[in-house]
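Here are a few notes to read alongside the model you passed on.

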There are 2 protein chains.
Amino acid sequence: MLEQVTIALDGMGGDKGPEVILAGAELALLHKPRTNFLIYGDEAQLKPILHRLPALAKVSTIHHCDVSISMEAKPSQALRQGRKVSSMWQAIDAVRQGKAQGIVSAGNTGALMAMSKIILKTLPGIERPAIACFWPTIGGEAVVLDVGATIGGTARQYVQFAVMGDAYARIIFGLENPRIGILNIGEEEMKGTDNVKEAAELLTESPLNFTGFVEGNGIGQGAADVIVTDGFTGNIALKTAEGTAIQFASYLRHALNSSLMSKIGYLLARRAFQALKMRMDPNNANGGMFLGLNGIVVKSHGGANRTGIASAVDLAVEIASAGIATRIADELDMVLGTQATTPEKKLASTV
Amino acid sequence: MLEQVTIALDGMGGDKGPEVILAGAELALLHKPRTNFLIYGDEAQLKPILHRLPALAKVSTIHHCDVSISMEAKPSQALRQGRKVSSMWQAIDAVRQGKAQGIVSAGNTGALMAMSKIILKTLPGIERPAIACFWPTIGGEAVVLDVGATIGGTARQYVQFAVMGDAYARIIFGLENPRIGILNIGEEEMKGTDNVKEAAELLTESPLNFTGFVEGNGIGQGAADVIVTDGFTGNIALKTAEGTAIQFASYLRHALNSSLMSKIGYLLARRAFQALKMRMDPNNANGGMFLGLNGIVVKSHGGANRTGIASAVDLAVEIASAGIATRIADELDMVLGTQATTPEKKLASTV
């Protein structure tokens, strides 16, 4: 464990502005007291907010940036306007320079990924980065990756994602041997795309704890600790699940408002409903981890509240303390070492 | 509208056996009294059941088949064992022969699709069939296709799916101009796979009411009446949504059982919960329609109860009465006619 961790914070991202970002960072200090912050953004906005948060102010320095990346900008626009000068770019670059051990942003996902790839580059042996998210299950939580960084993927890329997800789940869930599954349209070997089938063969031969294919409904049932998929399918699955949860909550609200009896029933059971709401609240497991880069990048949900930002900062600190890059390199060597010699293996073994 | 509709019934499919299939068919007679049934399967099993259902017996004939396709058989196995001789094959073949206007099976989906393709073949101008399902939305219902027939798909195949979904939604929802969306990982034009982007361009130029890309959470919000995707993504989205609904229900049950107060609250509000359960019950909107074949094939959920089977039969009767094949051929001509001349167009225009 590192004694002190410094987190670079994109002070300007997110739907709710710097007020919530900074309040979240201060909240995170309660769980991670040994954290320092480099806060990037418009000093005129950030300074008065920080002034009202003395605990945070004590461990933070503001770095003024002229440009903020808008939530709507396309990655190409963001790069044109924000290269070098934006709060997002500079916060990421602080990680590259070693001034910070991780960066947290609630800003534009596409821009954050594009800049992170350019500034930090992928780890040796990793062709493409992935975004890993937490997924609540009946019995606990799973990690799903990729949920939006890459479209499609070769069998080897699936294996790289599996390795990254495995290392991540070991750290975050403290599991010794996380169960790895591949998202597919059936549990049978013959189903799915060629890439998915080939990836399953590679993982079966690997030392990872591969449990086979998982269907869409298996994710929430906890069929595996790590669910591997490509960014297209993963993003659609994630958003579909979010949408369904919102839909169910809306039906429930409607049902409970439908009669006097049901309203009274709701009042009596309201603690139970509050617990349910807590459980469904994405702010409690906020933070998309960009895996596969030379540096730790955590994307908070744009709409996150103070608790959500604090979760994302917690996550960055935890992963920064655990040295995930070395673990991924070691595992990659081990897993791809079981197959033919590859450029990846050679690269990974030099790390 | 046809005066009388004959439905071929695979009497042996499904998790719950012929008892439930036949009970469901009898229930369907309440809504669709002008329906006759050809029931395919093991006569020794079917006869005594039919004897106990006099209303159904009056409009049904049993056709004995020696072989039943198991729910677990791979399509290749099913074809080896069940070609010509199985209840599933013969029920589909009744449609090809014109003895029935549609076939309903709760059996093995892969086998049903494989046999349907061989026996019925695709419609002129349709390269690959699709399975369309109903998806509950905040405001009503949407059709999503494909949810499992094809993996991947070219831009032209997406357009064919859009045409089939459009014709289906016009009939089923009585909509004059259904809103068509393509499932994607963002609403922006630049996002997604090349095929999806190209399909969007084709649909924008077409006379269909194309509303653009829909994200996973947009399906349940009712962002479009018809959601077009390929069978890999669609199947994963569907199962993820089903899984999330089950998960939410389990959390809710747990919450309501957590204290005496919440239990009392549940009792007072139980009508509201029953209404909610009704709304979430897949049996009320059961029936995966195989679109794009020379004949109507409805796949009931394997675990469907009597109500579920009745919904599937209702659906088959409704679509059989509406002449969907002609509509698809006409629309295909219209939509693909706006583009370059193609073999499909020529074929479609001969129908």
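**Notes on the two-chain model**

1. Let me begin with a charged pair: Glu215(B) and Lys239(A) meet through their side chains in a salt bridge, with 2.3 Å from N to O. The pair runs between chains, with Glu215(B) in the loop between strand 8 (209–214) and helix 9 (216–221) of chain B, while Lys239(A) belongs to helix 10 of chain A. Both Glu215(B) and Lys239(A) are buried. Please keep in mind that this is a predicted model.

2. A second pair to look at is Lys239(B) with Glu215(A), a salt bridge whose closest N and O atoms are 2.3 Å apart. The count of salt bridges between chain A and chain B is two. For polar contacts across this interface, the rule finds eight residue pairs, with both residues at pLDDT 80 or more.

3. Which elements give two or more residues to the side of chain A that touches chain B? They are strand 5 (130–136), helix 9 (216–221), helix 10 (231–256), helix 11 and helix 12 (270–280) of chain A. Helix 10 of chain A provides the largest share of that side, with 21 residues.

4. Now for the extent of the interface. The size of an interface is often expressed as the accessible area lost when the parts come together. Between chain A and chain B, the buried area is about 4,700 Å², and carbon and sulfur atoms give 78% of this. Ile185(A), Phe248(A) and Tyr251(A) supply 16% of the area that chain A buries against chain B, more than any other three residues. The contact takes 52 residues from chain A and 52 residues from chain B.

5. Over all chains, a search of the whole structure finds 14 salt bridges. One of interest is formed by Lys32(A) and Glu318(A), the closest N and O atoms being 3.1 Å apart. This pair links distant parts of the chain, 286 residues apart: Lys32(A) is in the loop between helix 1 (18–31) and strand 2 (35–41) of chain A, and Glu318(A) is in helix 13 (residues 306–322) of chain A. Glu318(A) counts as partly exposed because its relative accessibility is 32%.

6. Within chain B, have a look at Asp166(B) and Arg170(B), which form a salt bridge with the closest N and O atoms 2.7 Å apart. Both lie in helix 7 (residues 155–173) of chain B, four residues apart, about one turn of the helix. In chain A, a network of salt bridges links Asp166(A), Arg170(A) and Glu331(A).

7. Thr150(B) is in the loop between strand 6 (141–145) and helix 7 of chain B. Its relative accessible area is 1%, so Thr150(B) is buried. Leaving aside residues up to four places away in sequence, Thr150(B) touches Arg128(B), Pro129(B), Phe161(B), Asp230(B), Gly231(B) and Phe232(B).

8. Last, a word on the surface. Leu260(A), Met261(A) and Ile264(A) make a nonpolar surface patch of about 300 Å². Leu260(A) has its place in helix 11 (residues 260–268) of chain A, and Leu260(A) counts as exposed because its relative accessible area is 65%, the cut-off for exposed being over 50%.

Conventions: Residues numbered from 1 in each chain as written. Chains lettered and ligands numbered in written order. Predicted model: local features only at pLDDT ≥ 70, side-chain atom pairs only at ≥ 80, totals over all residues. Heavy atoms only, no water. Patch = residues over 30% accessible without salt bridge, like charges linked within 9 Å, V, L, I, M, F, W, Y side chains within 5 Å. Areas by Shrake-Rupley, 256 points an atom, 1.4 Å probe, with all protein chains shown as cover. Salt bridge = Lys/Arg side-chain N within 4 Å of Asp/Glu carboxyl O. Buried < 20%, exposed > 50% of the residue type's maximum accessible area, 1.4 Å probe, protein only. Contact = heavy atoms within 4.5 Å. Buried area = accessible area lost by both parts, 1.4 Å probe. Polar contact = N/O pair within 3.5 Å; in protein donor to acceptor, adjacent residues only side chain to side chain.
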